[in-house]
Amino acid sequence: MAIHSIYQRRSIRKFQDRNVPTELINQILDAGRVAPSAKNRQPWRYIVFANEYKNQLLEAMECGLKREEEGITDLPKSQYGILDAKNTSAIMQKAPVIVVVLNTNGRSPFLPVDNDERIVEQCDLLSIGASVENMLLMAEDLGLGALWIANTCFAYKELTSFLNTKEQLTCAIAIGYADESPKQRPRKDLGDIVEYRL
Ligand SMILES: Cc1cc2nc3c(=O)[nH]c(=O)nc-3n(C[C@H](O)[C@H](O)[C@H](O)COP(=O)(O)O)c2cc1C
């Protein structure tokens, strides 16, 4: 099961207009819950959005993107990514479910961190990555499609203010029944990324 999902999973950006049973969402979240984490800190919290609540979340996202577009930016070197973020926001509008993933130990990325804090944050974000990948693989296994989304960063302030949290917003996951079957995107060859010192 795991091996099949690892190789078959794709980022899904087109969803059918069909609701996802809550039971399946819970199975996906439970796969996230059992992921490994640094010092077993389990630094994750998931908020599930659908229907009107999802619309409100995306209003906050749109607000942030508009602000960035107008040049009132928190990410001046990342302006080239705004168009892609607008595409992502449109994809999120069509997805029946959005899961927001928070780092419960983290703080705003716009605050300075010292070395110790950076290491802890790195470990917590690695842990959260494992949790999200577990969820994507479980979605694939359940016959659902999902998209891992970090373009939420462009609306960081608006989204965290809407969520009313000081925890770190790491990413979101769009989930639904896939309405496309993308081919695998290119991957580097093993020979180009592995060095053996045997
Ligand atoms: C941390 C992370 C953030 C991502 N953020 C976005 C995003 O905001 N919008 C989007 O369309 N895709 C996003 N993606 C999906 C990647 O573009 C995708 O995984 C990559 O192109 C490989 O394609 P595949 O997932 O189909 O194998 C993200 C992926 C990761 C791992």
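How many bridges join β3 to β4, and do these strands run parallel or antiparallel?

1. Strands β3 and β4 are joined by five bridges and run antiparallel, where two strands are said to pair if DSSP finds at least two bridges between them. Within this pairing, Gly 145 stands opposite Gly 176 in β4. Helices (H or I, at least four residues) and strands (E, at least two) are DSSP runs, numbered from the N terminus.

2. The model is a predicted one, in which local features need pLDDT of at least 70 and side-chain atom pairs count only at pLDDT 80 or more, whereas totals for chains, interfaces and linings use all residues. Residues are numbered from 1 along each chain, as its sequence is written.

3. Strand β3 is largely enclosed by the rest of the structure, because four of its five residues are buried. A residue is called buried if 20 or more other C-beta atoms lie within 10 Å of its own, exposed if 12 or fewer, and partly exposed in between, with C-beta atoms placed from the backbone.

4. Helix α5 (residues 115-141) has 27 residues and reaches 39 Å from its first C-alpha to its last, close to the 39 Å expected at 1.5 Å a residue, the expected span being 1.5 Å times one less than the number of residues. Its buried residues include Asp 124, Ser 127, Ile 128, Ser 131 and Val 132, and what covers the buried residues of α5 includes α1 (2-8), α2 (22-33), β1 (44-49), β2 (97-103), β3 and β4 (168-176). Just after α5, Gly 143 takes a positive phi of about 80 degrees.

5. Two residues in the loop between α2 and β1 deserve a look, namely Asn 40 and Gln 42. Most residues other than glycine have a negative phi. Asn 40, although not a glycine, has a positive phi of about 50 degrees, and phi of Gln 42 is near 50 degrees, also a positive value. Asn 40 counts as exposed, because it has 8 C-beta neighbours inside 10 Å, whereas Gln 42, with 19, counts as partly exposed.

6. Leu 159, which lies in helix α6 (residues 156-163), is buried, with 21 other C-beta atoms within 10 Å. Leu 159 and Leu 57 are 102 residues apart in sequence but 7.0 Å apart in space, C-alpha to C-alpha. Leaving aside its neighbours within four places in sequence, Leu 159 is in contact (C-beta atoms, placed from the backbone, within 7 Å) with Ala 60, Met 61, Gly 64, Thr 152 and Leu 169.

7. As for the chain as a whole, it has seven helices and four strands, which follow the pattern α-α-β-α-α-β-α-β-α-β-α along the sequence. Buried residues make up 31% of its 198 residues.

Methods
Contact = placed C-beta atoms within 7 Å.
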